[in-house]
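I opened the notebook to record what I looked up, going from the contact between chains to a single residue and then to an overall fold.

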Amino acid sequence: MNGIFNLQQIINGIQIGSIYALISIGYTLVYGIIKLINFAHGDFYMVGAYAAYFAVMFSVARKEHPNVIIVLIISMTAGAIVAFLSNRIAYKPLRYKPRLSALITAIGVSMFLEYTSSALPFIGPSFRAFPQSQLIPEKTYRIGSAVLTNYQIVNVTIAVVLMVVLTYIVQHTRMGMAMRASAQDKDAARLMGIDIEKVIDFTFIVGGALAGAAGLLTGITYPRINPYMGIIPGLKAFIAAVLGGIGSVPGAMLGSYIMGFAEVFGTAINSILGEGIAYAILILVLIFLPQGLLGKKTGEKV
Amino acid sequence: MRKKKTLLLLVSLLLVVALFGTVLTGCSGSKQSSNNNATQEKKPILIGGVAPVTGPAATYGKSTKQGYEMALEEWNAKGGVLGRQVKMIFEDDKADPTEAANAFSKLINENHVVAIVGSVTSSCSLAGAPIAQRNKVPMITPTSTNPKVTEQGDYIFRACFIDPFQGTVAAKFVYNNLKARKVGVIYDIGQDYNTGLAEFFKKEFEKLGGQIVAYEGYPDGTTDFNTQLTKILDNKPDVIYSPNYYNDDGLIAKQARSLGFNGPIVGGDGWDSPDLVKIGGDAVNNCYFTNHFSKDSKSPIVQSFVKKYEDKYGEAPDALAALGYDAMNIMLTAIQNAGSTDGEAIKNALMNIDYQGVTGHIKFDKDRNPIKSAVIIKIENGKQVYVTTINP
């Protein structure tokens, strides 16, 4: 039983949870406002990872040491741009059409990003090694029986900082207030003079930026990237967002850490059933709390 | 309303014409080929080649394909097979069994190849073999080591050793040479090769008296092995056995080292890839793996092959290239020996073949598997170093 609930596994859980958290916030923000499950969100994460890859390779080729903050900004910008474009090109024209159309379009955007990336010669469909040590050389620290790498520290730190910044934006800025208003009631917000399309643009940019950052963090911690890397983490982040209550940012964060821990402990208990256990937990929670852990109970208004 | 209806009608008419057209041209195509029996002799012999040049096993596919092509060119330069030039129709199966099945179907039903060389990963060969067997098209896989592949039928052959042997070789090496008594195993549960090889290793290692202190699986596509490795390391193994494909092995080694494991990590022929060091970095030093071939071998056949390959491709060959080369050569030799491109004749020729390849002496046993030796390779300073040969 020793290998299951020890400090090392807790560290592993926090690490995975942080990455899922950054991705799932994007899902939850977009859903909150336009009730769209943006399946392409996992691919914004992939774009961020590749942007970071090229940024680091570019620096290395010029014999300069890449600066982590600059690479982070680059991957966030790439994620933001791709998200903004997806919204403007694919989702905006379908804003007032049946929701199913937008959903299918989201799947289409996802596939488009994946297959176009794998077809582009400088990306290619195969795996690439992320230049982890050129960006941050590895250092390990011991805490009791557990080992912590500086990658994990960087990972969690950047994730937490970004989440704090996001919470500040949402709670204490005008745009944040506009986002919350639009999520609560889109039509009323419009009546109050809020430009919904601007808010939606901003939401996508923020969500995409966070996903892009998650891409960089993944590249640093698990140095292997490929065009389809966004599919499974995107799915898990979405599940985490639903688990925490879709539409709620704290919910997304909570759900992600729970997913991270469930995955780690599930795999530690039985590595073959591991992920299944995590999803079983999800099903159980949703049976008893269909709105998710922090979601609002919305009854059917007759 | 009327505009929509006419549009619908037009589109459906177009579709029908298009479908009809393809059916017609398809039919006439095959009619043409059977009418040209007289000129059949001058037409090239078509061989199907399958390998994963893109996807998670991309370096295997690239090497194997280069092996196929080099063998093909050599035969064609010497006049071809049965007086005809040989042409390979190549399909990329992306290491995905569904793509492999499609590739085999296409090669057999559309391209009418006389034989297939491929595929590379065991899961893909297992997907393609029943199709080849059903259509009586002889198939030889250069690199799939899972025993189930040749069990699919008497038209299915392989150029490499099988995993019960590979697992035994690894177990003996770990027990006798590395003197390890406790081993933790980590393997991909979604692939036949990994799962099979892990089992064979476990069986043999326990038979020798060793202890498998942990046996952890992971789903295909995992990048975070920390959970499984943490559990393995809690049991203080001397050695970690990771019989996986190079993309995973690199990350596993890295994460194991990060978690504080400094002992040797041992794997199978899936470790053989130039990308292993790119992904694993320093972590893959002090690691060993079982393989089919070492380019450092002093044998003249190996050295001549290595030189030809380096001249042609500008890089040293790995085991997959060598096996691809041997497999294509074996198939073409069999066709030559059979004196015809008839599937059954080729199959019988294969059964009786006695071929000295780059990867060893190849003569098939009753299960159409060759009895071959394995080599142990060590990774030191990012380079592959030959350690020893283990005979069956």
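**Contact between the chains**

I began with the contact in this predicted model, to which chain B gives 27 residues and chain A gives 25 residues.

**B:Gly267**

I then turned to B:Gly267, which I located in strand 9 (residues 265-267) of chain B. Is B:Gly267 buried or exposed? I count B:Gly267 as buried because 32 other C-beta atoms lie within 10 Å, where the cut-off for a buried residue is 20 or more. Leaving aside residues up to four places away in sequence, I listed B:Ser242, B:Pro243, B:Asn244, B:Asp249 and B:Phe289 as the residues that B:Gly267 touches. I also looked up B:Gln166, which is 101 residues from B:Gly267 along the chain, and the two C-alpha atoms are separated by 10.0 Å.

**Chain A as a whole**

For chain A I recorded 12 helices and four strands, with C-alpha atoms that fill a box of roughly 55 × 50 × 35 Å along the principal axes. The radius of gyration of chain A is 19 Å, which agrees with the value near 19 Å for a compact globule with 302 residues. Buried residues make up 53% of the 302 residues in chain A. Of the contacts in chain A with a separation of 6 or more, 76% are between residues 24 or more positions apart.

Terms used. Residues numbered from 1 in each chain as written. Chains lettered and ligands numbered in written order. Predicted model: local features only at pLDDT ≥ 70, side-chain atom pairs only at ≥ 80, totals over all residues. Helix = DSSP H or I, 4+ residues; strand = E, 2+ residues; numbered from the N terminus. Rg over C-alpha atoms; globule rule 2.2 N^0.38 Å. Buried ≥ 20, exposed ≤ 12 C-beta atoms within 10 Å, placed from the backbone. Contact = placed C-beta atoms within 7 Å.
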